[in-house]
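Let's take a walk through this fold together. Have the model open and keep the sequence beside it.

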Amino acid sequence: MNIKAVPLTYKGIKFRSSLEADWAATFDDLGIYWQYEPLVIQLPSGQMYLPDFYLPLLCCWAEVKGPRWERLDKALELRKSLTDEAPWLWRLVRVIVLEAAGPGDALSWQAPDDRQLWLTDCSECGLWGWVQDDLTCWRCGHVGGGKHFRYWPATAAAQLPEGMRPTYRMTRAPRPEPTGKSKGGK
Ligand SMILES: [Zn+2]
């Protein structure tokens with residue numbers, strides 16, 4: 001089966017897939033400044049890697065887990081190379097994998113390692129972003145979590161028993177309207 005991602009233009013940028021555009025719109029909704037495909041990185045293996053997003057204020061590379069599965073390996077290699085060479089770099093350079101929306105358009109994501117990541121509005125800087133499992137805000141470094149409930153990724157939240165699931169579901173922004181004529185994937 002040949003599955004092709006449908007490109008979509010949002011804010012004048014042509015995204016390779018509508019899922020990527022969904023995330024750009026969601027970042028805007030959350031007030032998270034994003035750059036799309038800003039830089040090609042050479043991985044330790046010699047392979048060139050063009051991550052989907054860089055989130056400068058969160059010091060975070062983000063890879064959208066779409067039809068191009070092979071790119072996930074590169075996100076993993078990037079993450080691994082950062083931890084192998086300098087474990088403390090996790091504080092400075094992060095990698096997150098963005099997934100398709102879960103049931104009810106719930107946002108979904110995962111860390112490319114065993115870390116738990118929660119999306120929250122930090123109680124210190126008041127801004128939306130991820131906090132890692134020791135509750136460190138990726139924006140300001142404050143340890144303590146958010147003002148509101150922590151938002152679990154849809155995949156993890158679905159595994160929690162009823163009653164322990166987040167009471168407030170984080171949904172993605174409405175899908176941007178396609179602009180121009182789409183020619184389909186390459
Ligand atoms: Zn913060």
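Predicted model: local features only at pLDDT ≥ 70, side-chain atom pairs only at ≥ 80, totals over all residues.

Residue numbers start from 1 along each chain as its sequence is written.

Start with the big picture. The chain has three helices and eleven strands, where helices (H or I, at least four residues) and strands (E, at least two) are DSSP runs numbered from the N terminus. Read from the N terminus, the order is β-β-α-β-β-β-β-β-α-β-β-β-β-α. Of the 186 residues, 29% are buried; that label takes 20 or more other C-beta atoms within 10 Å of a residue's own, while exposed takes 12 or fewer, partly exposed is in between, and C-beta atoms are placed from the backbone. Looking at contacts between residues at least 6 apart in sequence, 48% link residues at least 24 apart; a contact here is a pair of C-beta atoms, placed from the backbone, within 7 Å.

Five strands make an open sheet with mixed pairing, in the order 3-6-7-8-9. Strand 3 (35–36) and strand 9 (109–110) sit at the edges with a single partner strand each, so one side of each has no neighbour in the sheet. Pairing here asks for at least two DSSP bridges between two strands. Strand 3 runs antiparallel to strand 6 (residues 53–55), and two bridges join them. Tyrosine 36, for one, has phenylalanine 53 in strand 6 as its bridge partner.

Strand 10 (residues 118–121) pairs with strand 11 (residues 128–131) in the antiparallel sense, over four bridges. Tryptophan 118 is opposite valine 131 in strand 11. Trp118 also belongs to the covered face of strand 10, along with Thr120, whereas Leu119 and Asp121 are on the uncovered one. Six residues lie between the two strands of the hairpin, and glycine 126 in the turn has a positive phi of about 75°.

Which residues other than glycine have a positive phi? Cysteine 59 is one, at about 50°, in the loop between strand 6 and strand 7 (60–64). Cysteine 59 is partly exposed, with 15 other C-beta atoms within 10 Å. Leucine 135 is another, with phi near 65°, in the loop between strand 11 and helix 3 (154–157). Leucine 135 counts as partly exposed because it has 16 C-beta neighbours inside 10 Å.

Terms used
Contact = placed C-beta atoms within 7 Å.
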